[in-house]
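Hi,

Here is the structure I promised to pass on. Have a look at it first, and then read my notes below.

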Amino acid sequence: MATSDAIRALQERFPELNLEPRPLVTYADGRASDQLWVRVPAQRLVEVCRFLRDDPRTRFEQLCDLTCIDYLNFPGAADRFGVIYALLSLTHNHRLWLKVFVNDPDPTVPSVTGLWRGAEWPEREVYDMFGIRFTGHPDLRRILMPQNFTAYPLRKDYPLTGRGEREDFEVVTRDSA
Amino acid sequence: MPVSYDLMKPTTLEREEGYDDRWTLNFGPQHPATHTTLRLVLELDGERIVDVTPDIGFLHSGFEKLGEHLDYNQYVVVVERMNYVSPINNDLSWHAAVEKLFGIELTPRCKVIRTILAELGRIQDHLLNVGCSGLDLGGFTAFLYGFNERELIYDLIEQISGSRFHPSFTRVGGLAQDVPPGWTERVLDFVRNRVPPALRDVETLLLRNRIFIERTKGIGVISREDAINWSLTGPVARASGVRRDLRKDEPYLCYADNWDGRGAPAVQFKVPIATGGDVYARFLVRLEEIRQSCAIIEQAVRMLPEGPINAAPEANVTLPNKKEIYFSIEGLIHHFEKVMTNRGHRPPIGEAYAATETANGEQGFYVASDGGRTPYRARCRPPSFINYQVFPQLLRGHQISDVPAVLNSLNIIAAELDR
């Protein structure tokens, strides 16, 4: 069963969402990538994901990866953040990418940890690096950066060299520890 | 007499209100049994583990941010510092994603050499891991048997790239250079005459060792359904009965049929699956994968065709080879245009994902490009990071001494974990 069948099943179930599959990249000679993505509104995300996981035509049992891109200077981008869900079906051996676009000042996406336990740490990482909050996450803390770090380093408006946060951290010596 | 395993089944301990006989133990970040820099906070009832809280990020060095400021060839130097136990596999994953983004088809010779390197990397990683399976339980000897042969892989890597540990050997659409004459014979000698005896040594030391079996069977069990739901991949998932190997399911390089465009068959190998889902099963899967990797290398060396290693220059993405650069003005200009900051590679605007089956599981890169010379976003799907989140689940109810055993069976590489 090809990815197109899964997308057709998705469109039949959610006709009102207008889920149009688009290739991740189109090459200069007009060929399109075989990897497809679908735009999903944040408020319907969990519903769509549950359908994709459980329907026999789609069966995306695994959340392969969850990441985010800050589309601040991206050509042709209308929204700031795109949270990307890479779904993988072991039954049918196909993949599908979902994108949820959110914007400042309150980038919030519902958590999918209730569907895939494997989303826990990737969601924490996206929160840590981009400041996107996942409502319903059981333990939304920073994961790679220190807890008292104040910025979101993978945002495009954050400089490569940092903003001097490391100077603010307390120096722990053997005597004071 | 067969050992009874029922006595060793973990009993899950529930938290009780008002029960204050628990104590907290800090484990790491500087502890030999963690192998690298990671920290665990263990909540204990006597010697039994009630809960584990992993604390990671000690080695976080912003690889993904760096990737947005280095071009598609430069970044390979950084990515191979992720899983430093098998650095070459990181190179292959990164450039697989970049070539997917550019839409480049590799030359047959490049594909075969990359396949050999991928399997050498897998052997390198698994040899350390099966060796450490003994080390973490107090058996030092198996570790040395594994480590001894890894040294020879470093020699092989040095012969092609000049650098033992971090070769930075792949380039967009090809390789840094061709392999030297006689290299394939040395690879064959290694997989025929050096790996099998080492494996026999490790096996005879551990596989019938009662202490080893008692301390690995039934430890850190995860079921097939949970393994899928927790996004596990690689040997960890296959030891739980998940039939998934990217080399078979989404074949690339020489794992795919018709890899040379003239109908060549894919390399033949079997994917070992175990159903125990415990530390012992993961050990067995890795052992067998080393044997299969040796078989793949034997076939790949036999099918190595002559020809160029870089994709055609009219694709206008690969660097010219060094001979052209040093001995012809055209090659020099071509090289300059590729490496100058205002010229260089011009990928299409868009995104691409490609993953390879590394020793730890699916290592993929999600590359986004805005058409500039550096990636707009270079996301890595690190298998260590994804596999490690299940760790508290595996340890609840076990004892402190099981921590290193389970940690090693997931093969957590902290540099890849934190990036």
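Before the helix pairs, one convention: axes are lines fitted to C-alpha atoms, for helices over the stretch in contact, and angles run from 0 to 180 degrees between N-to-C directions. Contact here means heavy atoms within 4.5 Å, while helices (H or I, at least four residues) and strands (E, at least two) are DSSP runs numbered from the N terminus.

Some housekeeping: this is a predicted model, where local features need pLDDT of at least 70, side-chain atom pairs count only at pLDDT 80 or more, and totals for chains, interfaces and linings use all residues. Residues are numbered from 1 along each chain as its sequence is written, chains are lettered from A and ligands numbered from 1 in the order in which they are written, and side-chain values use heavy atoms, with hydrogens and water left out.

Now chain B. The axes of helix 3 (residues 87-102) and helix 4 of chain B come within 8 Å and cross at roughly 140 degrees. That makes helix 3 of chain B oblique to helix 4 of chain B (under 35 degrees is roughly parallel, over 145 roughly antiparallel, 65 to 115 roughly perpendicular, and the rest oblique). On the helix 3 side of chain B, the contact is made by B:P87, B:I88, B:N89, B:L92, B:H95 and B:E99, and on the helix 4 side by B:R114, B:L117, B:A118, B:G121, B:R122 and B:Q124.

Helix 5 of chain B (residues 140-161) has 22 residues and reaches 32 Å from its first C-alpha to its last, close to the 32 Å expected at 1.5 Å a residue (the expected span is 1.5 Å times one less than the number of residues). Its buried residues include B:F143, B:R150, B:Y154 and B:I160; buried means under 20% relative accessible area, exposed over 50%, partly exposed in between, with a 1.4 Å probe and protein chains only. Helix 4 (108-135) and helix 6 (183-206) of chain B are among what covers the buried residues of helix 5. Just after helix 5 of chain B, B:G162 takes a positive phi of about 85 degrees.

Helix 16 of chain B (residues 402-410) is mostly covered, with nine of its nine residues buried. B:N411 follows helix 16 of chain B, and its phi is positive, near 55 degrees.

As for chain A, there are three helices and seven strands, in the order α-β-β-α-β-β-β-β-α-β from the N terminus. The C-alpha trace of chain A spans about 65 × 35 × 25 Å along its principal axes, and 54% of the 177 residues in chain A are buried.

Cheers
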